[in-house]
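Trainee: I am new to this structure. Please take me through its terms, one at a time.
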Amino acid sequence: MLLEENSLFWKVLPFLENKFTVAIVSSCVCLFLLICIWVLYVKRHYSPVRSKILIVGRSGEDEQPGSGKSTLYHVLRTGKAPKFQSVTSMVPNEGTFIPRGSKTLKEANFVDFPGNERLKTELEDQVLHAKVIIYVLDVSRLETEIRKEAISVYNIFKLLKKRNRKAIPILIFCNKIDLCESFPLDKVRQILGEEILKYQREVAPSGGDESVLATNIDSLLACSQYVVSFESGSAAQGVVEPVIHFLDRI
Amino acid sequence: MIDLFVIFTRGGFVLFYDALIHTEGRPIDRLIRSVLLVDKAGLGQLSYGNFTVKWTLSNQHGLVFAVVFPRRLPISYANVLLEQTKDSFCKRFKELLQDEYQLLTTDFYQAFARDFQKILRNSEDGDLELPQPVEEEEKNRRGHKKEPQNTPIVQKQQAGDHHTKQEAKYQSHSETQTQNGTEEEDEQERIRRNIEKLKLKKMKKPESKRHDSLQTKKDETLSTSRGKKNTGKLSDKLSKQEAKALDYSLINSNQDEEESQVNQKIESLRSHFIPQVEEDEKSNSDSESFTEWEKEEEEFKGTNGTSLERKFSGTLLSRGVLSFFKGLTTKKELTKEDLEPVLNKFRDTLITKNVASDIAQRLCDSVGLTLQGNKLDTFGSVSRIIRNALEISVARMLTPRQSDDLVADIVNKRRETGKPFVIVFCGVNGVGKSTTLAKVCYYLQSNDLKVMIAACDTFRAGAVEQLRIHARCLNVELFEKGYAKDPSSVASDAIHYASEKNVDVLLVDTAGRMQDNEPLMKALAKLVNLNKPDRVFFVGEALVGNDAVDQLLKFNDALIDNQNTNKPREIDGIILTKFDSIDDKVGAAVSMVYSTNIPIVFVGVGQTYVDLKKMNISWFVKALLR
């Protein structure tokens, strides 16, 4: 019943007696297998391109340490803070792993990108391909460095404004909370937002119309291209649960 | 005596940190920022404050070894110590260094402290020779690094003796283990277990290292950028009427009668220098003045952002196949011998592009140093790897450290202090200071700022008249005190006048001077010292070759030397003129930025007021390495 007289199978069979056709068929099969292997390989290695979780922030200057990007990466990777204070990164730290201390999260590709301004052009590329952005902010020096932080956050917002895909979540991680008096997140949100609004008014004349992102803090921090949330913790003390909760939520 | 010994990864994690005394001011961060990130690794050592830092790279594992010692007590064994430690460390933790997780979790300090102390003591005694590679094969594979010059001479027998001792030390960990304390023993045990585990893992899956995605993406961005656009036209034949307008002897003789006529001429001049289109769209204040390049840049970014992904998936096919085979084949390690001929070729290319010869040499040296020991794919070529490394390092070098938005800074200062923002232009004769000043003036005007020009060139005949023409064309006020006055007093008068008139920006034009002219340089330093300008811009020609560095360094040094203050003003930015006349010989910019780290603020690309552009780094890099 399965193999009737005129089914395809019986038609093909005589061809297989010819050695030449056998050679062709077998090579076709081999090629097919190769392609399959390659497709699997590509899938494994190139699919996470748009699933990067990008850790950015400002680099340290002169005598000051950085905002703690590498330390955060270290804690997420290994579950504990590094033994020695890290130094300025020259290349991104990149790894695919499940953050320590999380049960529900899937494996994700984390990129800790150096904050040094000389790598700005490379950073822009990374920002455009990120799934989630974690901006590490040094709260202990927020008041003295507010303008620089605002400029750096503003530049990321501006980059994201240009692309028209679904909104990506941004977490502003207020790091080094252990080094300063209690700093309510609302206050951080308020002063950072105000500084960004102030800065965008200043650059508006030379930057053209698109340099004005929003007119009030609420629309600045949540729009169709990104949604900003705030959390606080201390990477150097190993307190990064807020980051993991945040990653859990999205 | 050393102060500090650090081993860290290029990613910024410190693996080993042995501080003998507390060091102020984070010397390691300084090393990274001012040397390693800008590709000056060829320098050999960095002196800063009270410290001197020496370092060596292990590119195979992405590690940096650095030693810090007091500047006044230089140690002769620094190189020996670094090479020794590097060799010992890399050999011992070879397996661990390849796995990122192990790299981060292992306590290298615990495991390595004793060994390090031994090496340190030995090298302090000066009886340690560089380790001889155990086998010839090993040497070839590791790409042995250069020998330090100050290796102590040891008698042959002694060396041999020591050699065997060392071998024994590395080969049998267990022997040393028994001597160590229990804690360290645990750590050693754990590390050994990890190594075993890793070996097992490795046997299961052959190496298939993930291709550095950042690198490939960088390639792509660079390949999408477009070629050079032709720059402004050079059509400035003076008509008879215009020539008359410039003839000041005529105007002065019967000024009253011809006032209206002069105005008419000015009008015609204005229409010559400011293209009609711009005039129409001047109301549309912002970006129109920055047309071409900005637009190009935007286009470039557009391709970068939105359609890059599409392209990415398109090239995925070809790249996927290639990297699949890449994963299968073995990788070759780059040695100095491999790199040298290709690097020489690149150095020659750089020199033909007008880069100063010693700068080109230094740039190539440090690129070579950072590439030594890297893995080369079977399908990759040395020249491509070097080209990529050079492209990245030049792009990094030219990217300014801070965001350099001049207008934002001006607005900020005006709001905070209410005083005018003072910009001083200095440079060698005939590079186009006054013209550039007029261009900057036009740029600031189109950003709705009130500008005033101060003519502090009280030296060259006709300088004030030249500025007066520009001032009339641009409709700005000119502050002048005639000739043979002290320029610094003219400038300070101008600043007073400007604050009275509520001017936003005061542009100060100075006389052109050769960098070797001592009295004139002193005068410039005095001007800067007295008036404390907010910005000092150096105007330089893009046409110069080897002289570029000399000019800029001497100007900067003269400024610093002739100011009797603790915090002397330096040059804040470079404006490169005549950029349209050099085609792709863009090397002067590289020479200037590499030697001083001063950012390029603007480039002048033509004769009209709008021909002042911001630097397009990606185009620049392409032109340089074409």
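Trainee: Which residue is the bridge partner of A:Ile55 in strand 3 of chain A?

Mentor: A:Asp112 is the partner. Keep in mind that this is a predicted model: local features need pLDDT of at least 70, side-chain atom pairs count only at pLDDT 80 or more, and totals for chains, interfaces and linings use all residues. Residues are numbered from 1 along each chain as written, chains are lettered from A and ligands numbered from 1 in written order, and side-chain values use heavy atoms, without hydrogens and water.

Trainee: What makes strand 1 and strand 3 of chain A a pair?

Mentor: Pairing takes at least two DSSP bridges between two strands. Strand 1 (residues 52-57) and strand 3 (residues 108-112) of chain A share 4, so they count as paired. They run parallel. Strands here are DSSP E runs of at least two residues, and helices are H or I runs of at least four, numbered from the N terminus.

Trainee: Why are strand 2 and strand 6 of chain A said to stand at the edges?

Mentor: The open sheet of 6 strands in chain A has the order 2-3-1-4-5-6, with mixed pairing. Strand 2 (93-97) and strand 6 (226-232) of chain A each have a single partner strand, so one side of each lacks a neighbour in the sheet.

Trainee: Why is B:Lys86 called buried?

Mentor: Buried means under 20% relative accessible area (exposed is over 50%, partly exposed in between; 1.4 Å probe, protein chains only). B:Lys86 has 3% relative accessibility, so B:Lys86 counts as buried. B:Lys86 lies in helix 2 (residues 78-92) of chain B.
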